[in-house]
Amino acid sequence: MEVLLGIDTGGTYTDAVLVDHAAGRILFAAKSLTTYDDLARGIGLAVDAVLNQEGAPGPESITLTGLSTTLATNAIVEGRGGRVCLVLVGYDQDLLDSYGLKRALVVDDVIHLAGGHDSQGVEVHPLDEKGLRETAFSRKGKVDAFGVSSYFGVRNPEHETRAAAILEELSGLPVTCGHMLTSRLDSIRRATTVALNAGLIPLIRELIGSVRDVLAQRGIGGQIMVVKGDGSLVEASWAAKRPIETILSGPAASVVGARHLVGEEGNGNFWVMDMGGTTTDIAQLKGGQPRLNPKGAQVGPWRTMVEAVDIRTVGLGGDSRVELKTGGELSLGPERVVPLCLAALEHPNIIEELKKQKRRKIRSSRAAVFLMPQGGGNRRTNSSWEDALLAILEKGPAAWERLVEENGPASFLPGPVRQAAARRLIGICGFTPTDALHALGRLNLWSAEAAETGAAVLAAQVGLKPKDLARMVIEGVYAGGAEALARAALAGEGLDGEEPGKGLIDSFLIRKALSKNGNGKGDISISLTLNHPVVAIGAPVEAYGPAMVERLRTRLVIPPRAEVANAVGAVVGGVIIRCTALIKPLEDQGGFRLHLPDKVLNFRDREEAVVQARKIMEAWIREAARKAGAETPEVSLDRRDLQAPIGGGSEEMLYLGTELVCTAVGRPSPVIK
């Protein structure tokens, strides 16, 4: 039997599954806690857990490994990555400065050089090769990678290709070019995408190298594939050159995994709700295909030019922090914390401190919240305050409220504490929906005593019984998840459902429609119904999914192995490579110009240009698909002639150009290329 190994590194867990290659059947599955300081360590634990199960096939039967990773997404959000020098060829520096566009370029080390082309791919200025050589020598030992974006480089990549050759030869460092990542215009977003990709290369190379070592140590061979943001797979060395394409890898894998697990459910028309420890991700499939985001994937403040599944993410999960606001209002997330019930297993002193807070009946937003040491990770501190905090936490978790009491109200403010946690210098532990389930006896994984005591500490602040507070937390998860689904569906109808609370009226109507108890009160009753079923995946969906979906009057499907759907999606997808060519009429000299991914050609006849484009692109993309890991790729080409009405009452159309999109699709090859 040929066996596939799927691995997903999520916000809370790293999952591993073994899949029968021929039948697509999930054989075994296992989970391990994600180790943020060293993702490969958690991957190794998950792989060991799945291989060590009774009856599991041996490592020698594994012919291919698929990896879904949060590395690229998290690194961008947290501002981590390699040191990058971004070279802009032919850009107008004064224009960037006057319009404040330099902030969108991600990095501070930006070099402007002469060169670039116009919209027809004609050279505007010769490339400043002397400046490139000076840049390569001056950055030795100071940067980890270069990014190159030439003005209208997607119309003619000549200057980007030459610049990359010079920089690679003189520096020995990896170089990312804009035309490698996209064929679309928008010089600023293209430069942003280039800079982000270049900064991710050292990180993804290190991860892939570590994963190779983890697998080799266990006798696992074969190809390693990585999930891209559109849900397709690429060979690891391909991903190492284009790591930006792996942003939103986890959510994309969840969609592919859900599609595989439910088979022909709903004729391929359904919503996917992936609920994890940190977030809930929602996507829609129509005809079995996920909807892609036409604007490009956005991560943190950066809108990239990466093609990715249209995912709507809310900061709601099993590990969302529960906080009581002034007036007793309950707040859930988006901050992720370590559940009390989990932390107390390793640090029993947490329970004793919670008991003290319960007896003292403290009233504070810091009640039942602990600061914890973070194993490994980034130990580089930015201030003496952080040094002092780490020294305190060397002894173990410390109650945030006690630290304030002992050191003064200005000593441990929320801002600096959360900044230290965001950099993973420390961890934060608090009451979560997972604790609420433990307190209610509906989950029994970790310390119920810690969860129950934490519930009692918070409940005392608002005059509730601990179990009533726990029920209120669970009800908040139900309402938040249902609202996220409703807003995703409304956005699909062209309505603004992206920002909860953006409009008072729409928020009122949505929440009233989804209310369990308050819809019949007042002068108006409202209902919302999803017309397609919801496929719920992720570890907590058994606990939360039914009540969420009930409010939307549709059917809930929780497929077998729903808790490891992302790891399934990491290995059952296919290789999909796309490239675009554009044929444009030459305005002055007549004829047509063919803009290919790597060069420009001129033709006197349009149809001759189409024939040659088809021939060149099919050969190019077939080879690219093989390099990306496809075994026997099938190639298709879609032609679209671009026209516009002349106007003035005429029915004639003006020819603007022809767009040719070439696509190669294939199953991953188990043979290492």
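Student: Why is Glu-405 called partly exposed?

Tutor: Its relative accessibility is 40%. Buried means under 20% relative accessible area, exposed means over 50%, and partly exposed lies in between (1.4 Å probe, protein chains only). Glu-405 therefore counts as partly exposed. This is a predicted model, in which local features need pLDDT of at least 70 and side-chain atom pairs count only at pLDDT 80 or more, while totals for chains, interfaces and linings use all residues. Side-chain values use heavy atoms, with hydrogens and water left out, and residues are numbered from 1 along each chain as its sequence is written.

Student: What makes Arg-360 and Glu-405 a salt bridge?

Tutor: The term requires a side-chain nitrogen of Lys or Arg within 4 Å of a carboxyl oxygen of Asp or Glu. The closest N and O atoms of Arg-360 and Glu-405 are 2.6 Å apart, so the pair qualifies. Arg-360 is in helix α11 (residues 349-360) and Glu-405 in helix α13 (residues 400-407), 45 residues apart. Helices (H or I, at least four residues) and strands (E, at least two) are DSSP runs, numbered from the N terminus.

Student: How do you know that Arg-162 and Glu-129 tie together separate parts of the chain?

Tutor: They form a salt bridge, with the closest N and O atoms 3.0 Å apart. Arg-162 lies in helix α5 (residues 158-171) and Glu-129 in helix α4 (residues 129-138), so the parts joined are 33 residues apart in sequence.

Student: Asp-230 pairs with Arg-578; why is Asp-230 called buried?

Tutor: Asp-230 has a relative accessible area of 11%, below the limit for buried, so the word applies. Arg-578, at 38%, is partly exposed. Their side chains meet in a salt bridge at 3.5 Å, N to O.

Student: How many salt bridges are there in the whole structure?

Tutor: A search finds 31. Arg-606, Glu-607, Arg-639 and Asp-641 are linked in a network of them.

Student: Is Thr-9, in strand β1, buried or exposed?

Tutor: Thr-9 is buried, because its relative accessible area of 1% falls under the limit. The strand covers residues 3-9.

Student: What does the side chain of Thr-9 reach?

Tutor: It reaches the backbone nitrogen of Thr-70 at 3.3 Å. Leaving aside neighbours within four places in sequence, Thr-9 is in contact (heavy atoms within 4.5 Å) with residues including Thr-14, Thr-34, Ile-43 and Leu-67.

Note on methods:
Polar contact = N/O pair within 3.5 Å; in protein donor to acceptor, adjacent residues only side chain to side chain.
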